[in-house]
Amino acid sequence: MFKIVKREEMAEGTVILNEIEAPLIARKAKPGQFVILKATEEGERIPLTMADTDNERGTITIIYMVVGKSTATFRDLKIGDGYQDIIGPLGKPTHLEKVGNVVCVGGGTGVAVLHPITRALKEVGNHVTCIIGARTKSLLILEDQMRAASHDLRICTDDGSYGHHGFVTEVLKEVLEAGDKHLVVAIGPVPMMKFVSKMTAEYNVKTIVSLNPIMVDGTGMCGGCRVSIGGETKFACVDGPEFDGHQVDYDELMKRLQAYGEDEKAHYEHHCRLQGR
Amino acid sequence: MAEKGATQEKIPRQPMPEQKPEIRRRNFDEVPLGLSPEAAKLEAKRCLQCKKPACVAGCPVGVDIPKFIYCIREGDFKQSIRSLWTRNSLPAVCGRVCPQESQCEGSCIVGKSGKPVAIGNLERFAADYERLQGTGELPPKQKPTGKKVAVVGSGPSGLTVAGDLVLKGHDVTLFEAFHKPGGVLVYGIPEFRLPKDIVFSEVGFLEKLGVKLEVNAVVGRIVSVDELFEQGFDAVYLGVGAGLPQFLNIPGENLIGVLSANEYLTRTNLMKAYRYPEYDTPIPRGKDVVVFGAGNVAMDSARTAMRLGADRVRVVYRRSRQEMPARAAEIHHAEEEGIEFFLLTSPVRFLGNEKGRLIGVECLKMELGEPDESGRRRPVPIEGSEFQMDCDLAVVAVGAGANPLLTQTTEGLQLNKRGYIVADPETGKTTKKGVWAGGDIVTGSATVILAMGAGRKAADSIHKYLTWGW
């Protein structure tokens, strides 16, 4: 069992942070890599990119949004409870290099994944501008951490309750217009990554995105996570999860993420009824 | 002698009781039900107890077949399983999934003038009897050698290596990437052919013998092979299988509803998606299913689709019936269950709707031309023969390749051009000191028993190394 040592609720309880004892994974994990978690014997294997790792404490941190039955099961775990299985670190780490001026764009829980990457990009000597967004102020996560991890933090909300009123792409446009940018890293909902990539293509700025398709094993064995990159099929679990944002077929990815949509909705609603939620 | 021969002629091969096709095609329970002790003893009497047994020569792990059968005949079931264990640590598995017709039973002298002795069914009987009613008494183990062996992959070859070496007194740790041990026996072969409880029981037996098991351990990620040596392991065996799914590489393959057989079977078998929503992992329940390929994995996929409630299941294969690589018994079982075969047919492209979901596949009719490099007649498309098959689920079961995850992170390991590990066929030794390999990661996709045979040879070689050096 992998014990939960810290648990926090964010974004009005829709987003949960778990710090989990997993010393062997913590020792090896690098920014950008993911783990697969399974809470119970009957549970599903859920891939989540790590939000942090602490080799000294022997822990990894995940931050997830409750979207279905499996994440609802995760939510019910308290401090001292544990996950039955955690597999990792999986996937290729982020390529960290001093390139100059970097813009990190995050939306929703993507900000959690973006945080260690942002920090690492700053540590290797880049000047990092960060743009993070949420639907509304109360749903914004990791503001202080992202401020510390970057040189310049910009905030957007869809409803204008905090920071710029509008989408991250609008602020990104300003940032790109202002001058020399060498790399953009965008992590968030698929439509956000799609539109960020569309914009950076116009400015000819290299863009990295992190994909989270449906997955079973996470080791290249099932091919469920296949994504089209520049017309070629790749497995996100072993070839990714990070890819050149300008090459990704986002429309295909969005459709494939809906493969079990109806099943999952019914399964989640049934679970919520049983839990009296 | 004449009298003995006469007795044998009188006893017909004892039929294996089975679930009826119309019942079993909708459930996941095991198809064959197992022999009764009486039937097993009767079947055992059919064995001629040959002085130079051809059956043993036909067995990749060299089981002393006449001996274990003689014990069954005498009603000494305990001694029978003990005899099996000396050569085979997974008899309950082998009795079920070995291609006996081309190995032991294919060489059986009784089979020359009638039906061969049901060696597989008897092996299964001895193992099941021990598991369900046996004494649980463990076979003798040699005293500890103080040597540590890491076995990477807990499929058939890894389990064999672990079983052999633990009995020789070595300290063995099995590393498994999944959350459950067994490899292909658990994620690949369906419950109705090999109940998972049997695999876990066989692994449990190894654990009782002292084998340590580390699940969730993706070697190459959480620990490298070199780090295993740093941690004090004296030898490493790589039996990671051929776990890279091959696709057809035709347009539309990324539509929702097109799955690799690996994914389809892993969801069903390992994740128990057939019991969804009791288990959380979903599985597409196609009504009109097409399976591509004609090996055992294709048969398993087709029969699984039928059990998951399909109205129609079609197996599409580009060659003819003669070239189908699946075992005859599997093809027979599939046909009994209502699976249809579309032979000399090759897919051209998948068709989808606006939501990206599969609605059909366009195929071409083929004819057989000249033999190709495999010696089989090459299928050639018939011009203008395109036709469309409607379907809402397609399972691609056209083979597997070498998964590079471990091999790419291990220095000093020579690979062939297809990415498989180069290992000495007699010893399993790789080009890296202290490292052996065997099973599908060396040979490409093969059978459980061939992987076990490779494991046996490697275990002998590892034991020699640990005793006398490289």
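Asp280(B) forms a salt bridge with Lys69(A), and the closest N and O atoms are 2.7 Å apart. A salt bridge here is a side-chain nitrogen of Lys or Arg within 4 Å of a carboxyl oxygen of Asp or Glu. Across the interface of chain A and chain B, the rule finds three salt bridges. The model is predicted: local features need pLDDT of at least 70, side-chain atom pairs count only at pLDDT 80 or more, and totals for chains, interfaces and linings use all residues. Residues are numbered from 1 along each chain as its sequence is written, chains are lettered from A in the order in which they are written, and side-chain values use heavy atoms, with hydrogens and water left out.

The contact between the chains (heavy atoms within 4.5 Å) takes 44 residues from chain A and 44 residues from chain B. The area buried between them is about 3,600 Å². Carbon and sulfur atoms give 52% of that area. Buried area is the accessible area (1.4 Å probe) that two parts lose on being put together, summed over both. In chain A, Met221(A), Arg226(A) and Tyr260(A) lose the most area to chain B. Together they account for 19% of what that side buries.

Polar contacts were also counted. Between chain A and chain B, 21 residue pairs are in polar contact, both residues being at pLDDT 80 or more. A polar contact is a pair of N or O atoms within 3.5 Å; within protein, one must be able to donate a hydrogen and the other to accept it, and residues adjacent in sequence count only if both atoms are side-chain atoms. By class, the side of chain A that touches chain B has 15 nonpolar, 13 polar and 16 charged residues. Ala, Val, Leu, Ile, Met, Phe, Trp, Tyr, Cys and Pro count as nonpolar, Asp, Glu, Lys and Arg as charged, and the others, Gly among them, as polar.

Within chain B, an automatic or database assignment sets the domain bounds. Chain B is divided into domain 1 (8-133), domain 2 (148-243 + 401-468) and domain 3 (249-398). The centres of domain 1 and domain 3 of chain B, taken over C-alpha atoms, are 32 Å apart. Each of these two domains gives 14 residues to the contact between them. The area buried there is about 1,200 Å², with 47% from carbon and sulfur atoms. In domain 1 of chain B, Arg25(B), Arg26(B) and Phe28(B) lose the most area to domain 3, together 52% of what that side buries. Three salt bridges are found across this domain interface. Arg24(B) forms a salt bridge with Glu337(B), the closest N and O atoms being 2.5 Å apart.
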